[in-house]
Amino acid sequence: MMPRERLRIAVQKSGRLSDPCFDLLDRCGLRFRRSRDGLFCFGDGEPVDLLLVRDDDIPGLIGQGVCDLGIVGRNVLAEFGGGALRSLRDLGFGCCRLAIAVPQERAYTGPASLAGLRIATSYPNLLKGWLERQGVAAEVVTLAGSVEIAPRLGTADAICDLVQSGATLIANQLREVDCVLGSEAVLVAADPLPADGRRDAIELLLRRVDGVTRVRGSRLLLLQAARDCVDAIVAALPGAPRPTVLQMDGEPGQVMLQALCPDELGWRQLEAIQRAGARELFVLPVERALA
Ligand code: PRT
Ligand code: ZN
């Protein structure tokens, strides 16, 4: 294969991970121009390009050296990834779990209840590994899609599928009984990492990804208060951040307080902080951070 100088990242072309991936890369300051066929995105500025593909192909493309990095669900990495890949970062989106579900009326007291059953899944490797670790012998029925209807069609007794809200299971009269793997989108790389100039681009990307994910969902709270109220206000802050307290010019006894709160601040929380003596409360989104 021709040596490459530009970093190439494999990203899902269209699906659940696409929008959050583009959003993350955008927040990392990466801008792209799409090729006419829509499969390639050429990076403006940084030497980083994208290849837009089906998510199942991403581990293979990295394994073959066609791409250096990729963004996929941990479920896909674990099912299709070989030994030459490593996960660099958990990205905090695409969260779901690979779960065992059985028809509502079927009794389940633990993995042993699955012995001798037919379990439909699109993740045969992960399911087989889990069954083995549980010491349970069951038949794994591999299906490409629509796993959730297999019990009603009579082609399986149970399923092993991705679950997020659980609505699909309920709509198919199934109930979730065990978890095979917790998943979220991960940034994956070839192991070892390239030793040439692409390494710098990877390090730049990792620093920026960290700067974005570290403060995702955080809010900066600004407020004014009498110094006497500070303890009560701090006690009312969610996530117990350590605030900065500044003396206000020309107003003895009055302070300005700023705190980075790890979660969104709801109205009830703000009202509690206000009751503790705060005035002029401002809640600001936090976009990125550099340590
Ligand atoms: O075309 P391509 O192969 O690229 O896409 P795909 O259809 O294989 O994948 P896609 O876009 O559906 O999902 C991509 C990744 O998103 C998955 O590999 C997971 O890592 C992650 N993810 C997060 C999910 C879900 N949540 C999810 N809910 N993937 C699939 N689902 C499906 C699940 O299979 C089931 O049919 O949604 C249904 C369950 O959802 P709830 O909310 O009803 O429980
Ligand atoms: Zn797929």
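Student: Leaving aside its neighbours within four places in sequence, which residues is Ala 138 in contact with?
Tutor: In this predicted model, Ala 138 touches Leu 114, Gly 116, Leu 117, Ile 119 and Leu 131.

Student: Where is the place of Ala 138?
Tutor: Ala 138 sits in the loop between α4 and β9.

Student: And how exposed is Ala 138?
Tutor: Ala 138 is partly exposed. Its relative accessible area is 25%.

Student: What separates the C-alpha atoms of Ala 138 and Leu 153?
Tutor: A distance of 19 Å. Along the chain, the two residues are 15 residues apart.

Student: You mentioned α4. Which residues are buried in α4?
Tutor: Helix α4 covers residues 124–134. Its buried residues are Pro 124, Leu 126, Leu 127, Trp 130 and Leu 131.

Student: Where do the buried residues fall, seen down the axis of α4?
Tutor: They fall within an arc of 165°, so they line one face of the helix.

Student: What's on the face turned away from the buried side of α4?
Tutor: That face carries Glu 132 and Arg 133, which are exposed.

Student: What do the buried residues of α4 pack against?
Tutor: One helix and several strands. The helix is α3 (74–80). The strands are β7 (96–103), β8 (118–121), β9 (139–142), β10 (158–163) and β11 (174–183).

Student: What comes just after α4?
Tutor: Gly 135, with a positive phi of about 70°.

Student: OK, zooming out. How many helices and strands does the protein have?
Tutor: Nine helices and 16 strands.

Student: What box do the C-alpha atoms fill?
Tutor: Roughly 75 × 55 × 35 Å, taken along the principal axes.

Student: What percentage of the residues is buried?
Tutor: Buried residues make up 43% of the 291 residues.

Student: Now the sheets. What's the order of the open sheet of seven strands?
Tutor: The order is β2-β3-β4-β1-β5-β12-β6. The pairing is mixed.

Student: Which strands stand at the edges?
Tutor: β2 (31–34) and β6 (85–90). Each has a single partner strand, so one side of each is left without a neighbour in the sheet.

Student: How are neighbouring strands of this sheet turned against each other?
Tutor: By 30° on average, ignoring direction.

Student: What joins β2 to β3?
Tutor: Four bridges, with the strands running antiparallel. Strand β3 is residues 40–44. In one of these pairings, Phe 32 has Gly 43 as its bridge partner in β3.

Student: Back to β5. Is β5 enclosed or open?
Tutor: Five of the five residues of β5 are buried, so β5 is largely enclosed by the rest of the structure.

Student: Which way do the residues of β5 point?
Tutor: Leu 69, Ile 71 and Gly 73 point one way. Gly 70 and Val 72 point the other way. In a regular strand, side chains alternate between the two faces of the sheet.

Student: Do β1 and β5 pair in the parallel or antiparallel sense?
Tutor: Parallel, over two bridges. Ala 10 has Gly 70 as its bridge partner in β5.

Student: And how many bridges join β5 to β12?
Tutor: Five, and those two strands run antiparallel. Gly 73 stands opposite Ala 185 there.

Student: Which strands does helix α7 lie across?
Tutor: Helix α7 (residues 198–213) lies across β1, β4, β5, β6 and β12 (185–190). It runs at about 35° to β6.

Student: What about the open sheet of four strands: what's its order?
Tutor: β14-β15-β13-β16, with antiparallel pairing. β14 (244–247) and β16 (279–285) stand at its edges. Neighbouring strands are turned by 15° on average, direction ignored.

Student: Which helix lies across β13 and β16?
Tutor: Helix α9, residues 267–275. It runs at about 145° to β16.

Student: Last one. Is Asp 19 buried or exposed?
Tutor: Exposed, at 61% relative accessibility. Asp 19 lies in helix α1.

Note on methods: Residues numbered from 1 in each chain as written. Chains lettered and ligands numbered in written order. Predicted model: local features only at pLDDT ≥ 70, side-chain atom pairs only at ≥ 80, totals over all residues. Heavy atoms only, no water. Pairing = 2+ DSSP bridges. Axes fitted to C-alpha atoms, helices over the stretch in contact; angles between N-to-C directions. Contact = heavy atoms within 4.5 Å. Buried < 20%, exposed > 50% of the residue type's maximum accessible area, 1.4 Å probe, protein only. Arc of directions from axis to C-beta.
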